[in-house]
Structures are given as structure tokens and as C-alpha cells.
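Please look at the structure below with its aromatic rings, its nonpolar cores and its helices in mind. The paragraphs that follow take these topics in turn.

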Amino acid sequence: MRVDREVTLPASPTGPAPQHIAVIMDGNNRWAKKKGVPGPVGHRAGADVVKPLMYACRDRGIKTLTLFAFSSENWQRPVPEVRALMALLSRYLRREIKELAADGVRIQFIGRRDRLSPRIAKLLEDSERATSHNTESTLVLALDYGGRWDVSEAAASLARDVAAGRLSADDIDETLLSSRMALADKPTPDLCIRTGGEWRLSNFLLWQFAYAELWFTDTLWPDFNVDELDVAIEHFRGRDRRYGARPKVESV
């Protein structure tokens with residue numbers, strides 16, 4: 001776990017690049033305040049970072065990019081801000097979906113949909129349908145998502161199957177629980193990046209991050225760029241990922 005100001009990169013990172021990067025995009029409002037502009041301007045500036053980052057990941061062979069766009073807790077923000085965020089999401093998808101589809105990007109969403117407006121929920125469905133044929137890379141947006149909700153939904157799904165006699169409780173294990181959770185059809189995120197200077201996961205992908213490498217940076221999300229993405233990737237490639245085992249040199 002490192003902060004960008006303290007980073008010392010390995011001289012020659014030799015590990016593989018991550019296959020799935022997940023990002024907690026933090027700092028839009030602070031960026032706007034720093035610039036002396038209204039908060040929605042910061043959110044729009046943050047949205048402009050998404051596409052270049054998506055293409056940079058694709059060009060580096062990273063198949064999946066998952067972005068924490070709106071958490072379960074973000075409903076507690078002022079109503080005008082929530083409305084502005086939903087309007088920004090709507091405009092972004094309407095503006096960008098054709099280009100993303102043409103460029104081989106599949107877009108998917110995780111999280112609750114029952115609390116979204118019918119118009120937004122239909123837009124999500126239309127966006128997923130329009131890009132469902134793409135296999136080159138995937139952009140996942142987490143909307144009204146929380147890691148605790150994800151775990152509880154998966155557990156409830158298994159409990160319903162046990163109650164209906166379709167499953168024995170003795171058959172429940174980590175693999176089966178994982179199969180009922182968001183991102184079950186994706187490789188597990190192996191690198192988590194959080195911008196904005198905070199050092200926490202904020203209820204994002206709590207189950208899936210069990211062995212993810214964590215990269216925290218003070219950079220506010222609208223200022224995050226491909227150069228900093230490359231620094232995070234190089235740091236990841238220099239990590240010795242043992243998953244609880246001993247280093248190979250000690251085990252022989």
C-alpha cells in the first residue's frame with residue numbers, strides 16, 4: 001500500500017500487468033472548489049477522464065476497467081447534487097456510447113437498479129445491449145453499488161435456493177458465493193486505485209478486493225492522467241504477489 005509522494009519504483013518491474021483495474025474516483029468537488037467553480041463542473045471534468053483512461057487500459061492489454069461512479073451512500077448527498085450526477089450520467093452515455101461501441105468497448109453496470117429512475121434504468125439496459133457484442137475490453141460502472149449490499153444479495157440468493165430445496169447448505173463455499181456476486185463473470189480486480197488522498201475502500205468491492213494491490217494517490221480525480229496510471233501499473237508489476245504463501249525462493 002503506497003502513496004504517490006513516497007513511491008520508489010522497482011528498477012525493473014518484471015511481473016505481469018493487471019488484468020482488471022478498479023478505481024475509486026474521488027476529488028471532483030475538491031477540484032471544483034480549488035478552481036473556484038461550481039461542483040457540477042468538477043463532476044463534468046471527472047467524466048472527461050474516463051474515456052482516455054479506458055483506451056489507455058485497452059492499449060496496455062488490461063481487459064476490464066471498473067469505476068465506482070455512484071455509491072449506495074451517495075444518495076445522502078444534497079438532492080441538487082444527486083440530480084446533477086444523474087443528469088451527467090445520462091448525457092455521458094448518450095454522447096459516448098456510439099463511439100465506445102464502435103471502438104470495441106463493452107459497457108456493463110453493477111449495483112441496484114430499483115432505486116434509479118425508469119429513464120436511467122432503461123438507458124443502462126440500452127447501453128449494455130448496444131455494446132454486448134464487443135469483447136476487446138470492458139468498462140464496468142458501479143452505480144448505486146455497495147460492497148456490503150453485494151455480499152448480502154449473494155447470501156440471500158443462496159438462502160432462497162436452500163429454502164426452495166434447490167441447494168444444500170453444505171454445498172455453499174467461497175466459489176459458489178462468488179458466483180452470485182457482481183463481477184462474477186470477470187477476472188478478480190487485481191489493482192485498486194483511489195484518487196483524492198483518502199486511504200479507505202468506502203464499501204467498494206469488499207469481497208473482490210481480498211488480494212488486490214492498493215494504490216492511493218493525492219491527485220484529485222479530474223487531474224488523474226495516463227502517466228499516473230502507468231506509475232500505478234509499474235508499481236503493481238513490481239509487487240511480489242504470494243497470496244499468503246511463502247516466496248518461491250524460501251519454499252524450495
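Rings of Phe, Tyr and Trp (for Trp, its six-membered ring) pair if their centres lie within 6.5 Å; planes under 30 degrees apart count as stacked, over 60 as edge-to-face and the rest as tilted. The model is predicted, so local features need pLDDT of at least 70 and side-chain atom pairs count only at pLDDT 80 or more, while totals for chains, interfaces and linings use all residues. Residues are numbered from 1 along each chain as its sequence is written, and side-chain values use heavy atoms, with hydrogens and water left out.

Confidence comes next. pLDDT is the predictor's confidence in each residue, from 0 to 100. For the protein chain the mean is 93, and 93% of residues reach 70 or more. Residues 1-6 have pLDDT below 50; beyond near neighbours in sequence, this stretch has 19 contacts in the model, a contact being heavy atoms within 4.5 Å.

The ring rule gives nine aromatic pairs. In one of them, Phe68 and Phe204 are stacked, at 4.1 Å centre to centre and 10° between the planes. Phe68 belongs to strand 3 (residues 64-71) and Phe204 to the loop between strand 6 (191-194) and strand 7 (213-216), so this pair ties together parts 136 residues apart in sequence. Helices (H or I, at least four residues) and strands (E, at least two) are DSSP runs, numbered from the N terminus. Phe204 also pairs with Phe209: the centres are 5.6 Å apart and the planes at 85°, so this pair is edge-to-face. Ring pairs link Phe68, Tyr145, Trp149, Phe204 and Phe209 into a cluster.

Buried means under 20% relative accessible area, exposed over 50%, and partly exposed in between (1.4 Å probe, protein chains only). Phe68 is buried at 8%, Phe204 at 0% and Phe209 at 6%.

A nonpolar core is a set of buried Ala, Val, Leu, Ile, Met, Phe, Trp, Tyr and Cys residues joined through side-chain atoms within 4.5 Å. The largest has 43 residues, and Ile21, Leu65, Leu139, Ile193 and Leu229 have the most contacts inside it. Helix 3 (residues 79-102) gives the most to this core, with nine residues. A second, separate core of 16 residues includes Ala142, Tyr145, Leu183 and Cys192.

Helix 1 (residues 28-35) has Asn28, Trp31 and Ala32 as its buried residues. Seen down the helix axis, they fall within an arc of 100° (taken from the directions from the axis to the C-beta atoms), so they line one face of helix 1. Their cover includes helix 2 (39-59). The face of helix 1 turned away from the buried side carries exposed Lys33 and Lys34.
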